[in-house]
Amino acid sequence: MPHLSAVRYGKDNIRVYKVHRDEKAGVQTVTEMTVRVLLEGDIGTSYTEADNSVIVTTDTMKQTTYLMAKLHPVNPPELFASILASHFTDTYAHIHSAHVKVIQHRWTRMQINGDHHPHSFMRDGAETRNAEVTSKEGHGITIRSAIVGLLVLKSTGSAFYGFIQDEFTKLQPVSDRILSTEVDCGWSWNLFGKLDDVQSAVSKFDVTWKAARDITLKIFANDSSASVQNTMYKMCDEILAAEPTIDAVDYSLPNKHYFEIDMSWHKGLKNTGSDAEVYEPQSNPNGLIQCTVKRSAT
């Protein structure tokens with residue numbers, strides 16, 4: 001006899017923009033987010049018996065997101081996602097878990113004639129700051145913070161050799177190569193017992209996001225990389241050391257390849273090895289390297 005083994009539903013791609021106006025200073029600050037809400041609980045009969053009485057509508061989720069953004073801070077995103085997720089588990093007795101993902105888009109204040117403009121901004125890249133929160137009845141609040149879409153490249157300082165070479169291997173070892181990737185880095189916090197605990201820790205979220213971003217850029221730039229694997233491990237290790245209430249750090253790094261172009265067909269022109277200056281960027285296929293590093297149990 002078939003049975004429901006897992007169900008959840010919700011609203012995705014809720015677009016939210018909030019402006020904070022400091023009338024005294026004459027400065028405005030803006031935040032733009034894309035929000036997803038998914039609910040779990042005693043909702044199985046809506047699937048099996050067409051019982052809509054257990055459904056919190058997805059439009060209600062959208063309107064609630066707008067209302068929570070009006071009534072509460074939207075920064076840092078970890079706090080706003082926790083407020084929104086906790087609302088659903090606190091308000092509806094039959095909803096036992098609420099999953100909220102907040103994607104915060106970049107609006108960077110313009111500098112005009114060397115001064116920060118009070119109300120004008122620019123989108124300076126596709127990088128986003130993300131927060132994924134689950135509020136689970138009787139369990140607490142889990143939070144994963146993340147940097148997504150940070151595109152980086154260095155033109156030297158990366159090697160790759162010593163790997164398995166057999167009859168299936170065409171790739172040749174290299175002592176120097178271009179290294180480029182689009183950073184997806186996340187860090188999972190120790191469990192928060194309740195919303196008050198998240199609010200008490202709110203000062204850590206911005207500080208740790210900046211530290212994780214700075215560490216990622218510093219190690220990417222300065223490490224004499226033997227492999228993406230080893231470089232990402234160093235990043236994880238340093239982020240764990242920066243904030244003791246983080247339980248784990250994870251990275252997913254696609255290896256964006258740049259191939260030398262052999263131009264010897266044209267009058268013997270040299271453009272390979274140490275003579276390479278012009279490359280062909282590749283879109284796919286690409287390497288994809290992932291890891292999660294957890295704090296050692298004490």
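These legends walk through close-up views of a predicted model, one view at a time. Residue numbers count from 1 along each chain as its sequence is written, and side-chain values rest on heavy atoms, with hydrogens and water left out. Because the model is predicted, local features need pLDDT of at least 70 and side-chain atom pairs count only at pLDDT 80 or more, while totals for chains, interfaces and linings use all residues.

**View 1. Helix α3 is largely enclosed by the rest of the structure.** Helices (H or I, at least four residues) and strands (E, at least two) are DSSP runs, numbered from the N terminus. Helix α3 covers residues 77-91 and reaches 21 Å from its first C-alpha to its last, close to the 21 Å expected at 1.5 Å a residue; the expected span is 1.5 Å times one less than the number of residues. Of its 15 residues, 12 are buried, including Pro 77, Leu 79, Phe 80, Ile 83 and Phe 88. Buried means under 20% relative accessible area, exposed over 50%, and partly exposed in between (1.4 Å probe, protein chains only).

**View 2. Glu 32 forms salt bridges with Arg 15 and with Arg 123.** A salt bridge here is a side-chain nitrogen of Lys or Arg within 4 Å of a carboxyl oxygen of Asp or Glu, and the structure holds 18 of them. The closest N and O atoms of Arg 15 and Glu 32 are 2.5 Å apart. Arg 15 lies in strand β1 and Glu 32 in strand β2, so this pair ties together parts that are 17 residues apart in sequence. Is Glu 32 buried or exposed? Glu 32 is buried, at 13% relative accessible area, whereas Arg 15 is exposed at 52%. For Arg 123 and Glu 32, the closest N and O atoms are 3.5 Å apart. That pair links distant parts of the chain, 91 residues apart, with Arg 123 in the loop between β5 and β6. Arg 123 counts as partly exposed, at 38%.

**View 3. Strand β9 pairs with β8 and with β12.** Two strands pair if DSSP finds at least two bridges between them. Six bridges join β8 (residues 174-189) to β9, and these strands run antiparallel; look for Asp 184, whose bridge partner in β9 is Ser 252. Eight bridges, also in the antiparallel sense, connect β9 with β12 (residues 287-294), where Cys 291 stands opposite Tyr 251. Nine of the 10 residues of β9 are buried, so this strand is largely enclosed by the rest of the structure.

**View 4. The largest pocket holds about 880 Å³ of space.** On a 1 Å grid over the protein atoms alone, a pocket is an open set of points where a 1.4 Å probe fits, with protein on both sides within 12 Å along at least five of seven lines; lining residues have an atom within 4 Å of a point. Its volume is the space filled by probe spheres set on the points, which are joined across faces, edges and corners. Among the 24 lining residues, Leu 171, Val 174, Arg 177, Tyr 258 and Phe 259 are the closest to the centre of this pocket. Strand β8 gives the largest share of the lining, four residues.

**View 5. The second largest pocket holds about 350 Å³ of space.** Nearest its centre, among 14 lining residues, lie Gln 104, His 105, Arg 106, Trp 107 and Trp 209. Strand β2 provides the largest share of this lining, three residues.
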